[in-house]
Amino acid sequence: MAGERRYIGRRIKRKEDLRLLTGRGLYVDDIHLPGMVYAAFLRSAYAHARIKSIDTSRAEKLPGVLGVFTGEYFKDKVAPLMTAWALTNADLKPIKWPVVAYEKTRFTGDIVAVVVAEDPYTAYDALEAIEVEYEPLPVVVDVEEAVKPGAPQIHDEAPGNVAFHWKFRGGRDFEEVAAEADLVVKKRLINQRLIPAAMEPRAAVASYNPGTEELTVWVTSQNPHVHRLIMAGSLGIPEHKLRVIAPDVGGGFGSKIQVYPGEVIVARLAMDLGRPVKWVETRRENFLGTIHGRDHVDYVEVAAKKTGEVLGVRVRTLANMGAYLGTAAPGVPTILFGLMLAGPYKIKSVDVEVKGVLTNTTPVDAYRGAGRPEATYILERMLDVLARRLGMDPADVRRVNMIEEAPYEAVTGLLYDSGKYREVFEKALKLAEYYRWREVQSEERKRGRLIGVGIASYIEMSGLAPSRIARATGFGLGLWESVLIRVHPTGKVSVYTGSHPHGQGEETSFAQIVADALGVSIDDVEVVHGDTEQTPFGMGTYGSRTTPVGGSAVYKAAVRIREKARKIAAALLEAREEDIEFSEGRFYVKGSPEKSVTFQDVALAAYTAEKLPPDLEPGLEAVVFYDPENFTFPYGTHVAVVEVDPATFKVKILKYLAVDDAGVIINPLLAEGQVHGGVVQGIAQALYEYAVYDESGNLLTAGFNDYMIPTALDVPDVESHFVETPAPHNPIGAKGIGETGTIAATPAVVNAVLDALAHLGVEHIDMPLTPYNIWKALKESGVLAKLGKGR
Amino acid sequence: MYPASFQVFIPASLEEALELLAKYGEEAKVLAGGHSLIPLMRLRLAKPKYVIYLGKVPGLSYIREENGTIRIGAMTTHGEIAASSLLKARNPLLSETASRIGDLQVRNMGTIGGSIAHADPAADYPAALQALEAQLVVRSVEGERVVGIDDFILGPYLTDLQPNELIVEVRVPSLTGAFGTAYEKLNFRAGDFAIVGVAALVQLSPDGSKFEKVRVGLTGVSDKPVRARGVEEALEGAEAGEEAIAEAAEKAKEGLNPPSDIRASSEYRLEMTVALTRRALEKALARARDKVA
Ligand SMILES: Cc1cc2nc3c(=O)[nH]c(=O)nc-3n(C[C@H](O)[C@H](O)[C@H](O)COP(=O)(O)OP(=O)(O)OC[C@H]3O[C@@H](n4cnc5c(N)ncnc54)[C@H](O)[C@@H]3O)c2cc1C
């Protein structure tokens, strides 16, 4: 990236801190409008049922209730929701998600009736007064059951419950490489279902003005323009009459990409009732009705030589999609998963088939990492298993296979952009003192202590994405990003980005990019996002795309402004444009630095407009829609050291170290924060979290009590290091750092735990590795008896 | 998470609180720290018509020693019990147990009276209270009675408390001599209720050679907190040492039928009861030995 760096690369505290940390943020629940009423949703009592009748009469009579609305009311007024990622060549079925169920419910999050009342307490009282008569239908929650002949049918459109069947082959035929292999390691791996559980639950407020026929919806969204587009379609109103505002959003992790029934319902009712309507999800609803993540059963085969060289990987996956196909859902276990199955390795054959399977559970969609953690888990787990079978050190197996450096065209056809894969790997091992820990491990083993070391190397595709590729895979729109930068007459700058950061801190990092490009103070730059009336159409924040794609748009727009400013400066200084230099916020004539004007002078001149060159319009702003040429490919190696209690099997993480190459780091403080948070979420999957359904489709982990999100006391200090190889395909060189931690930490920690148990002959245990799950696996395999009483 | 409608009373004296309870008894709930009651109300699993808040009743929060007994007011918070220097010196089992309850926020709000009255089968205090053979002072408009912990907690969320009664005080011994105590709690995530909790009290002979008295209280492994009497009997009078503990700890699972749930099976809990009993007793023994010298 050309230009002076006064802000980029510095640990600058978030501009948003003052507002967010002092409680001055504005979340959807903080919106209070005159005459506002409150909606509450009755959700299905059964995971699969026919609705025989709904008696709302008692509820309607409660004082303060404006009305009770069922599927009958909505079915002709609002179109059902459909996925926006209609995979091509995958026989994708048109699964419809009615905003309020009619005739049938398909999971316990399905909305059966909506109450609107003067206050939320009355609304919840009224929910209890609604009587629904259901005819329960057979339920299926498990993917392996759901694809068996005779399994309960969830949608008529998808016979056998298969919503899509996606196939991908890269490189040589798997059978062919397997024939050349010395061994083929097979495993059935479970990547368990997780619940995003953002701190702020979802919410929506809708207000309709019959005079202007304009509908305004405040909603918890990671992509307000996408929300507007899809909602306008579902509601049947013109897109330009719908304004979507996503104010401060308290985390999403992917769960706020989805356009949900809730926001569509309140929008419709605000129009019909002529009163603003608010709905704020309860935490229980958040667990039941907001998308879940992961949930694969993967049948994996790895063909390898005795040297540890991996020739091919074959994966057959049943991906649990839940009861409906979410907004981005079909792309997650396919494009974002299958294409990553070569990892940072010189694998010669990748063969993957994925069935997207419908079940009577909450829909599964993009959750932090989205597909890439699942792929990385498979490779990293299998490499450890392979190492064990071959009697090799897991580090050596990775050395045998790792790509030296990029650019590199992977067997999947992806062009890995840049990086020194081997060097970063060795650096991580060195910094983590890998070999010292190996010594500690064998010493302590003699004393009965169970210490394990785990490595995970990963590569991911982020910076989603080149539009031509997104479109080729069936994505509903392009995946560019937009920005409008407006310089005001005083030289202060407003940046209206199409991204929608919700905790990541781009109000700061984008301001750093602009301040450096224009030579202004970071305090003079304001980043605005989230309101479709203010910002150009944008694709939003997910897939670690905000900095590489949104930030690149910002940079290009800032450069465009600087170039226009240079022309104005030339006119003001009565010099030729080629002779104008720019430094520290001043334009000056080459060779005579005393002849200069400030950026602020130029800004004012752009608006006074009297001295502009004849071909230049007044004003100083730029709009850029930036469509990247390629994905970016962050990569790195993480190392975890754990100790397993030999009596209780509780795992303690003794050390966690990450070396990540996410290209140019705009703000190390924010980037480290992303690594820390991501690693914690990765550890959470490895050791704590899992969503459990009973056979009837009831979610048994529908709250923080039962769903174990680790606390600050459960997680270690995370040591984070960066290596910066600039991304060659975008102008700022950034690759994205939002998901690396979640991708790497899960296999690093699982590998470490299994490493601690390796000498006992345990090869694999499915996650989460809670003390009980470890104990159970050891018990079932007879290892527990070996450990004996002495422990 | 909106509770059903209810009416709140804020009595300013114990008498007033008891009168309100006498009047509204069955339909009322007293509110102490609220860390068990409010979650239930928010989920509408509890729908009391009346809520009687004890926070403004004076004289229910104290820790003091009288004639070899430590008296603790029912409204004393877990945090106060964890930090009490009196308890740390004279009954460290209770303060150690309190320090392992929930997280800081829970300990700052929750009260010992509330925890006992709620009778969660995995609550921490009851293990210690069993090991300490604690007495509870219960009062109503009709008068006061003193009940042993073993007779008070009857089952999961079930106690001997009558609708018009309040717990006002908890009594535990002030320990002397060569004693040692320890609370071992296994949970999978910090701040969670116990999968298994074991409270141990060891009293050694003055020369430290023999177990004079041993008490072991268990939580999370039965429908109510219990004592591991088999372990106690095996150790009392025996030579003080780790071998004896290892052997006796096996008896901790006798007669137990722990629950199975999504976190862990009954069998795992049984095994952990033995493992934690051993660890708790070993720690208690080491601490008692420190007092012998
Ligand atoms: C996140 C979280 C984690 C927790 N973790 C743990 C844990 O690890 N271990 C543990 O043991 N507990 C735990 N708890 C429970 C906590 O200790 C509660 O504070 C305790 O169970 C109840 O005490 P309280 O003062 O909050 O009672 P409240 O919630 O106010 O009342 C509970 C019940 O007791 C009754 N009651 C209260 N005071 C009296 C009284 N003086 N006389 C008669 N009846 C009374 C109430 O009517 C109600 O029925 C946790 C709670 C939360 C929210």
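In chain A, 3 strands form an open, antiparallel sheet in the order E4-E2-E6. Strands E4 (104-105) and E6 (131-136) of chain A are at its edges with a single partner strand each, so one side of each has no neighbour in the sheet. This is a predicted model, in which local features need pLDDT of at least 70 and side-chain atom pairs count only at pLDDT 80 or more, while totals for chains, interfaces and linings use all residues; side-chain values use heavy atoms, with hydrogens and water left out. Residues are numbered from 1 along each chain as its sequence is written, and chains are lettered from A and ligands numbered from 1 in the order in which they are written.

**Sheet in chain A**

- Helices (H or I, at least four residues) and strands (E, at least two) are DSSP runs, numbered from the N terminus; two strands pair if DSSP finds at least two bridges between them.
- Strand E2 (residues 49-55) of chain A pairs with E4(A) in the antiparallel sense over 2 bridges.
- Arg50(A) has Lys104(A) as its bridge partner in E4(A).

**Interface of chain B and chain A**

- Contact (heavy atoms within 4.5 Å) links 26 residues of chain B with 35 residues of chain A.
- The two chains bury about 2,600 Å² between them, 57% of it on carbon and sulfur atoms; buried area is the accessible area (1.4 Å probe) that two parts lose on being put together, summed over both.
- On the chain B side, Tyr2(B), Arg189(B) and Ile262(B) lose the most area to chain A, together 27% of what that side buries.
- Across this interface there are 6 salt bridges, each defined as a side-chain nitrogen of Lys or Arg within 4 Å of a carboxyl oxygen of Asp or Glu.
- Lys779(A) and Glu267(B) form a salt bridge through their side chains (2.9 Å, N to O).
- Helix H12 (residues 266-292) of chain B supplies 8 residues, the largest share of the side of chain B that touches chain A.

**Ligand surroundings**

- The ligand is surrounded by 30 residues, counted if one of their heavy atoms lies within 4 Å of it.
- The closest are Val30(B), Gly34(B), Leu37(B), Thr111(B) and Asp124(B).
- An oxygen atom of the ligand lies 2.8 Å from a backbone N or O atom of Gly33(B), and an oxygen atom of the ligand lies 2.7 Å from a backbone N or O atom of Gly34(B).
- A polar backbone atom of Ile167(B) is 2.9 Å from a nitrogen atom of the ligand.

**Backbone features of chain A**

- Most residues other than glycine have a negative phi, and most peptide bonds are trans.
- Leu464(A) and Ala465(A) are joined by a cis peptide bond, with omega about -5 degrees; Ala465(A) is in the loop between strand E18 (450-459) and helix H15 (467-472) of chain A.
- A cis peptide bond also joins Met767(A) and Pro768(A), with omega about -5 degrees; Pro768(A) is in the loop between helix H20 (740-757) and helix H21 (771-780) of chain A.
- Ala609(A), a residue other than glycine, has a positive phi near 65 degrees; Ala609(A) lies in the loop between helix H18 (599-608) and strand E25 (621-626) of chain A.

Terms used: A polar contact is a pair of N or O atoms within 3.5 Å; within protein, one must be able to donate a hydrogen and the other to accept it, and residues adjacent in sequence count only if both atoms are side-chain atoms.
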